[in-house]
Amino acid sequence: MIKRMLIMLVLVALVLGAVFGFISFKGRMIKEFMSAQGNPPQTVSATQAVYSEWTQRREAVGTVRALRGADLSAEVAGIVEDIRFQQGEEVKAGTPLVQLRAQDDIARLQSLQAAAELARITYRRDQEQFKVKAVSQQVLDTDAANLEQAVANANQQQALLNKKTIRAPFAGRLGVRLVDPGQYLEAGTAVVTLQALDPIFVDFLLPQQALGDLRPGESVDVRTDAYPGQAFRGEVIVVNPKVEGDTRNVQVRAQLPNPEQRLLPGMYAQVSLTVGEPRRHLTLPRTAIAFNPYGATVFKLVEEGRDDKGQPKLVAKQNFVKTGDARGDQVAILEGVKEGEQVVTSGQMKLRNGTPVKVDNTNPPGNDPAPQPSDE
């Protein structure tokens, strides 16, 4: 009886082992089939990591300033008698602009000039009399002093009279007229602005880290929203010999030709400054890099065998990278990728480590270090 039970148990164990083995085999087959069917190659675009030469550039925000600019005003008080300029016109240095009423000053000048002429005549007459000992040396010295004083009084009055005429101190373009004939002006009241616009300055600030590459003669490109898409070329003419203590920035001034006078003082400007020699960087498109709290990653394409047709099988491998400066559509790669390695540039959302991929570069993403806006 016991022997029969043992035989039965052995038979049951053999049957169960065969059943479980068959089930396990079928499971593996189904899993492999489902894996093959559920993980087909994903279509992505890719590019090779290559070296590019970048000209080092610094970006800054600047302010346009006139070569020479001033709000002209009267040095003395008076009533406006005549306005001798047209608003917005170009004038030369010394051009009369505004005449203040000066009849009283002219009359006083004439009186002082007459007194000076009388003192001159008296001095000359006494010189002749001194030669024949008709007057003393003291009289002659008094006459000389009187003459000098009379001439000085006349010159002082002439200087005051000259201030009644406001003249252009330099050549430039006049602005809006701020006074009217008959108006009483206090000393210092502005009458018109005068700006010399060609060439013109742009002042901007750069951090002290730029001082090593910064020197007069460096090229600058200036853009302003008044003229979209247009750059004005100039060069650095001076670097301030001190760094601002509160911001650690240094002031830089560039000079630009402005023959059409399109740039005006006070305008906001975006400045791009070329510094130093070009440098080689290993670059990838921005779209190839995924940034997250743990760092920047890319998907490299790695060949793993070949298919039935002899074509290489490509799979995606996620890899951390260290990035550097960015320029347009490109980012410099410092670590994590070598020259010539293929990197996925679009389609990363479909990928995991080991995902098979198929490359289609029909519509690759941008990879231009200096992209320009489209006209469309």
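1. Leaving aside residues up to four places away in sequence, Thr345 touches Ser45, Ala46, Thr47, Pro285, Thr287, Ala288 and Pro365, a contact being heavy atoms within 4.5 Å. Bear in mind that this is a predicted model: local features need pLDDT of at least 70, side-chain atom pairs count only at pLDDT 80 or more, and totals for chains, interfaces and linings use all residues. Numbering runs from 1 along each chain as its sequence is written, and side-chain values use heavy atoms, with hydrogens and water left out.

2. Thr345 sits in strand 20 (residues 342-346); strands here are DSSP runs of E, at least two residues, numbered from the N terminus. Thr345 counts as buried because its relative accessibility is 4%, where buried means under 20% relative accessible area, exposed over 50% and partly exposed in between (1.4 Å probe, protein chains only).

3. On to strand 14 (residues 268-274): five of its seven residues are buried, so the strand is largely enclosed by the rest of the structure. Strand 14 pairs antiparallel with strand 3 (residues 57-73) over seven bridges, pairing requiring at least two DSSP bridges between the strands. Arg58 has Leu273 of strand 14 as its bridge partner.

4. Strand 11 also pairs with strand 14 in the antiparallel sense, over four bridges. Opposite Asp221 you'll find Ser272 of strand 14.

5. Ala231 is in the loop between strand 11 (219-223) and strand 12 (232-243), and counts as partly exposed because its relative accessibility is 36%. Ala231 and Ser272 are 41 residues apart in sequence, with their C-alpha atoms 9.7 Å apart.
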